Amino acid sequence: MDGPDIILAIVVATALAFDFTNGFHDTANVVATTISTRALPPRVAVTLAAILNFVGAFLSLAVATTIANDIVDQALVTTTIIFAGLVGAIVWNLVTWYFGLPSSSSHALIGGVVGAMLVANGVEAIDFDGLAGKVLVPALIAPVLAFAVAGTGILVCYRVVGRLAPGPVSRGYRLGQVLSGGMLALAHGTNDAQKTMGIITLALIANGNLSADAAVPTWVIVSAATAIALGTYLGGWRIIKTMGSRIIKMDPAQGFAAQGSGAAVILAATHFGYPLSTTHTISGAVMGAGAAKRLSAVRWGVAGNIVVAWVLTLPCAALVGGLVYGVTHIFGDGATGPVLVAAAGVVFTIYVFVRRLQQGAAITTTAEGTSS
Amino acid sequence: MLALATKVVDFGQLAQVIYVSLIAGVGVSLAFSIVIRGAVRAGEHRRTRPVAAAAHGLMAVAGLLIVLAAVVFGVSTMLSK
């Protein structure tokens, strides 16, 4: 194995680690509503979410194509740039996870790659049209749209079932949440796993293993699907432990409307290849379902945090990605830089995890004001 | 400025995302609520008003078929791309 292949192997491993952390990080978004309304027992909800995340990764490749073709100039990409971008995304994800900011893994990934590309090749290497049209504008619209759809959806639900006995209605919506939660997990798997597929494909093109117009290889799809599903499954157990005190209560109708709306927005956007932030979209839907019932039910501080995270993620991940590229480049174009940075990254990750877990993990996707 | 925005952003596609999300999200909420309403009312009228119970039961089945059709349509559309 020569230098470029070692870097490629590190990039693939880092991308899959990123995918794993994406699933780990986002499990709360996907299953919290289902568990908090007691639609499914935690163990079943998490297992189902992991399986459907895996299945969802096989549904479409439109987002992977956007990541591989529409953000940066493929001809100028190197595996070291992608590596730096991935490290930038992981570092930013860890920092925001540590401080409980609901940041987007997707924006972090795109920001990291753009930052590394900027430092390596300058502004002409960035496809600003693609970045604005495929990433920034959809990212702005998605949470607002999810908020509006979920808000309208829950009003329709209450209008139709308003005068019925609450017991059977709640049981009905809990049953519906099995379906809406499943669709949400499917949507999450298809949009988020594809980002990793796109990055690995881009690395394979940069390393000369694939032609520029090649399709995403099957092994890439399977490995990305497996990584996100494993992350979802293992992340779920952390959430179950903290569920009793930190997840916010919604009624089953709100849970159903929020999950269904989030899934609808993510699936519709995925169809056109928009790499959305699933975190922000689901948060928007949860808040919409909460706000339609009672404006004060929404923790607007969380909404503010989402806006702050939305604004900060792309530039900050880009900054870290650029910095990592600069550090890696000090050691030349060989494998030494990525190997040293990867080793430092592993140490940093373990340090942050240990510190955070000692303090108790934060769950940030919430809407209703009363903790159980 | 508007010309630049039109060049960069595919507003047609975004509009499709918006109206498809609205129709799917709100439509499924409506259809599933009809399922619940139909099922609950059918249960209430089962012994006293069998015709009304049957009508509500049919309404519930129709709502359920719409929900299932929406899910199948959504997944098959994703698979077709």
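Predicted model: local features only at pLDDT ≥ 70, side-chain atom pairs only at ≥ 80, totals over all residues.
The size of an interface is often given as the accessible area lost when the parts come together. For chain A and chain B, the buried area is about 3,200 Å², and 78% of it lies on carbon and sulfur atoms. Chain A contributes 40 residues to the contact, and chain B contributes 32 residues. Between the two chains, 3 residue pairs are in polar contact, counting pairs with both residues at pLDDT 80 or more. Salt bridges across the interface of chain A and chain B number 0.

On the side of chain A that touches chain B, two or more residues are given by each of helix H6 (128–161), helix H7 (166–206) and helix H9 (252–271) of chain A. Helix H6(A) provides the largest share of this side, with 15 residues. Sorted by class, the side of chain A that touches chain B consists of 28 nonpolar, 10 polar and 2 charged residues.

Within chain A, helix H3 spans residues 62–69. Of its 8 residues, 6 are buried, so helix H3 of chain A is largely enclosed by the rest of the structure. The buried residues of H3(A) are A:Ala62, A:Val63, A:Ala64, A:Thr66, A:Ile67 and A:Ala68. These buried residues pack against helix H5 (105–121) of chain A, and also against H6, H7 and H9 of chain A.

Conventions:
Residues numbered from 1 in each chain as written. Chains lettered and ligands numbered in written order. Heavy atoms only, no water. Contact = heavy atoms within 4.5 Å. Buried area = accessible area lost by both parts, 1.4 Å probe. Salt bridge = Lys/Arg side-chain N within 4 Å of Asp/Glu carboxyl O. Polar contact = N/O pair within 3.5 Å; in protein donor to acceptor, adjacent residues only side chain to side chain. Helix = DSSP H or I, 4+ residues; strand = E, 2+ residues; numbered from the N terminus. Nonpolar A, V, L, I, M, F, W, Y, C, P; charged D, E, K, R; others polar. Buried < 20%, exposed > 50% of the residue type's maximum accessible area, 1.4 Å probe, protein only.
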